[in-house]
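Here's a quick walk through this one, starting with where to be careful and ending with a single residue. Have the sequence and the model open side by side.

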Amino acid sequence: MNEPMLTTYSFWNAFRNCRKACEWRHLRELVPIGRDQALSFGMLIHTCLEMWHGGSGLEAVLDFIDASLPHRSQDESQKSDWHLARAMMTGYAARYPTEDFEIVALEKTFEGRIINPATGACSRSLTLAGKVDGIVRRGREHYILEHKTASQVDADYLEKLWTDLQITLYAHYIEQTLGIKIAGVIYNVLVKAKLQQGKGETEAEFEARRAELLAKSKTGKSSATRKLPESDEAFQARLAAKYAEPEMFHREALYISRDQFDAMKSDLWELTQQFLDCRRRDAFYRNTSYCFANHRTCAYFPLCRSNGGENVIANFYETKPPHEELRTDSDIPTAHKEAF
């Protein structure tokens with residue numbers, strides 16, 4: 001008998017959003033060639049937070065950021081990430097020098113069976129696995145610790161947190177596989193500053209500005225000087241001031257009800273049946289309303305537009321195993337990682 005297929009929250013989220021995108025990524029194992037800067041930055045900060053909560057000092061965290069972005073002097077995106085990550089983690093260490101919770105586990109993985117809630121029978125075709133950022137204890141209650149980076153934290157952002165299927169899913173499976181009751185989730189939100197390092201003026205830009213000022217001057221003279229690029233030290237100082245503002249970090253604790261678990265289990269089982277039907281018929285339809293969702297083009301839009309053209313695959317995509325969230329970084333220099 002074949003082993004059950006491993007699935008994750010990312011798998012089911014992709015399937016809900018667009019079944020064709022799910023097929024491209026999780027069955028064909030295709031990803032665009034290149035780097036998603038937002039995703040890469042989020043992964044970098046997650047690792048830094050794992051180090052920090054694992055007992056590493058700020059200096060070790062900053063050294064890790066330096067080592068993770070070795071081409072920052074030539075690569076503008078790396079330099080931007082470097083500035084932001086260093087300022088964010090320095091501000092985080094100042095904001096939370098001590099915690100009101102106890103770390104129980106970091107980057108804890110789990111795997112469990114998918115259950116038919118009507119019969120109690122296990123799926124013979126699919127299993128589910130995941131990894132939580134952390135499990136913490138406040139008093140006698142256990143919580144999932146979930147790190148997020150966000151462009152801003154407002155009422156709309158906080159209101160959407162209760163719809164987070166991922167956390168309900170993970171809380172249920174943590175309870176089932178580790179045997180502890182999860183009271184809720186602590187969302188640990190770090191806001192990405194929108195400040196940009198000043199690039200200064202080129203010689204041509206300066207001369208054009210100077211000519212414009214001279215034309216307006218009654219004396220025919222101007223004291224204008226060329227705007228030089230902002231130094232790394234000056235930009236870090238501006239970022240440090242920004243990350244001293246209270247709204248740059250936010251903690252939100254939400255309780256999870258047993259009713260949410262029941263609804264989640266029913267939804268998950270229904271999704272499994274839909275997926276198995278799609279796989280059996282080899283019919284994964286496109287959700288065209290998702291092609292440009294969230295003000296960005298779907299990573300698989302060129303594939304769908306070309307109907308899976310081999311030239312498009314060869315030139316713009318590469319093969320990588322799915323379920324990146326289950327990856328472990330054994331070489332992360334954390335001081336310690338507590339586990340069950």
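Residues 330-340 are the stretch to watch: pLDDT stays under 50 there. Where pLDDT is low, though, the predicted coordinates should not be read in detail. Keep in mind that the whole thing is a predicted model. Across the protein the pLDDT averages 90, and 94% of the residues score at least 70.

On to the overall build. The protein has 12 helices and 8 strands, and its C-alpha atoms fill a box of roughly 90 × 55 × 40 Å along the principal axes. Take the contacts between residues at least 6 apart in sequence: 77% of them join residues at least 24 apart.

Some whole-protein numbers, side by side:

| Feature | Value |
|---|---|
| Buried residues | 42% of the 340 residues |
| Distance between mean positions of the 44 positive and 48 negative charges | 4 Å |

Now for a closer look at one spot. D81 sits in helix α5, which covers residues 76-95. Is D81 buried or exposed? With a relative accessible area of 4%, D81 counts as buried, because the cut-off for that is under 20%. I45 lies 36 residues away from D81 along the chain, and the C-alpha atoms of the two are separated by 9.9 Å.

Key. Residues numbered from 1 in each chain as written. Predicted model: local features only at pLDDT ≥ 70, side-chain atom pairs only at ≥ 80, totals over all residues. Heavy atoms only, no water. pLDDT = per-residue confidence, 0-100. Contact = heavy atoms within 4.5 Å. Helix = DSSP H or I, 4+ residues; strand = E, 2+ residues; numbered from the N terminus. Buried < 20%, exposed > 50% of the residue type's maximum accessible area, 1.4 Å probe, protein only. Lys, Arg positive; Asp, Glu negative; His and termini not counted. Charge placed at Lys NZ, Arg CZ, Asp CG, Glu CD.
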